[in-house]
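This report looks at helix packing and nonpolar cores. Here is the structure.

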Amino acid sequence: MRTYKYKIQHQANTMRLGNLIDDMHQVHEYFLNYQRQRYKEELPYANYNAMAAHLTELKRTTHPHYNMLPSQAIQMELKRIDAAYQRFFDWTKTRKGNPKVGRPHIKPKHKFKSFTFPGESGWKIENNRISITFRKYKNGKWKRDPIWFTFFKHRDWIGKICRITIKRDTCGAYWLCITTDASDTTDLPQTGQSVGCDFGMKDAFLTLSTSEKIQSPQFLKRDIAKLRSLNKSLARKQKGSGNWWRAVRALARFYRDLQNRRADWQWKLAHRLVTEFDTIAIEDLNINAMKRLWGRKISDLAFSAFVAKLSHKCVKHNRELRTAGRWTATTKPCSKCGHSSESLSLADRVWTCSHCDTTHDRDVNAAINILRFSAPA
Ligand SMILES: [Zn+2]
């Protein structure tokens, strides 16, 4: 599976996409409430087919306006709800799988950002235009009403389309995501090299066991003055006014650009690591604990986002990603003789082993230990 993302050109009727997302949120809210009500009344869970039957009934009776929405998009939303409940049931029945899975919750409107179509129907693509099939009521009947939108087709997609998703971002821009069945894996030539990576904040973003230190640009720190001025400008506006909304969008654009720059840098670094090494070992990080300790800087460096990118790249290029457990000591043991120097403090950047007299850089030593004590993830 491979997903391609295209920006949809702003045009007079782009708002229809936004309205459709909001309408789909109502469907989402309705059916989750429906399941909760059934549970309260001690009725059995309504699976996808039961929900679809209930939808047909709704369209005929109390919710005729649901007829206006593309039915395929509603079906996909019901499937999404059903899948979320199935995951929850799997966990409650077997206690296997992800323990973080809870009862599906109702997303607030501002967090509901997309709708999806299956691969075969509800839309049509011709060159750089896509039509979404709405419905309209005409001469006593509901009829198909395809609306065309133009998108910036900066590249071709490979493979057969499995589904398409329309997304709205915080800046109010709309994106077309095309998921195809193309295989996303390509093997890279073996290099025979392994590396351990130590994340850090003091000296470098990443220290490799090859004793290389990689610095991360601190994107937020660099633009903090701009962020402050945007926030101030927002605070001066009257809430809800046209200028206030303009300032809100400017702030959202600032964060989107920041994220894009950070993601770009991280993808490039992840790509470099997978091209140079067959095996990559990292620590299992406790990000929340680190945030409490270090504050904003850690969010700016965004370790967990980097780990996600790295593991994606490893799967894609058939590389092995190993992790050293959270409680594995990696700082104190000497990477040469294994002697643990208990007196080491956070301030000691360079130290000498009392047992074998090797001088270590703190982070490089940790990176070597991470590589040594890591196990396949
Ligand atoms: Zn030693």
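## Helix packing

Axes here are lines fitted to C-alpha atoms, for helices over the stretch in contact, and angles run from 0 to 180 degrees between N-to-C directions. The model is predicted. Two packed helices are described by the angle between their axes and the distance between the axes.

Take helix 1 (residues 15-40) and helix 3 (residues 71-94). Their axes cross at roughly 40 degrees and come within 10 Å. Angles under 35 degrees count as roughly parallel, and 65 to 115 as roughly perpendicular. Helix 1 and helix 3 are therefore oblique to each other. The crossing of helix 1 past helix 3 is right-handed.

## The contact between helices 1 and 3

Helix 1 contributes Met24, Val27, His28, Phe31, Leu32 and Gln35. Helix 3 contributes Ala73, Ile74, Glu77, Leu78, Ile81 and Tyr85. By class, this contact has 9 nonpolar, 2 polar and 1 charged residues.

## Nonpolar cores

In soluble globular proteins, nonpolar side chains tend to be buried together. The largest nonpolar core in this model has 27 residues. Those touching the most other members are Cys197, Ile280, Ala281, Leu310, Ala367 and Ile370. Several elements each supply at least two residues of this core, including strand 8 (194-199), helix 6 (242-276), strand 11 (279-283) and helix 9 (303-316). Helix 10 gives the largest share, 6 residues.

What does alanine 281 touch? Not counting residues up to four places away in sequence, Ala281 touches Gly196, Cys197, Arg322, Ala324, Ile370, Leu371 and Ser374. Another core, of 23 residues, lies apart from the largest one. Among its members are Met51, Phe117, Phe151 and Ile164.

How values were computed: Residues are numbered from 1 along each chain as its sequence is written. This is a predicted model: local features need pLDDT of at least 70, side-chain atom pairs count only at pLDDT 80 or more; totals for chains, interfaces and linings use all residues. Helices (H or I, at least four residues) and strands (E, at least two) are DSSP runs, numbered from the N terminus. Angles under 35 degrees count as roughly parallel, over 145 as roughly antiparallel, 65 to 115 as roughly perpendicular and the rest as oblique. A crossing is left-handed if the near helix is turned anticlockwise from the far one by less than a right angle, and right-handed if clockwise. Two residues are in contact if their C-beta atoms, placed from the backbone, lie within 7 Å. Ala, Val, Leu, Ile, Met, Phe, Trp, Tyr, Cys and Pro count as nonpolar, Asp, Glu, Lys and Arg as charged, and the others, Gly among them, as polar. A nonpolar core is a set of buried Ala, Val, Leu, Ile, Met, Phe, Trp, Tyr and Cys residues joined through C-beta atoms within 7 Å. A residue is buried if 20 or more other C-beta atoms lie within 10 Å of its own, exposed if 12 or fewer, and partly exposed in between; C-beta atoms are placed from the backbone.
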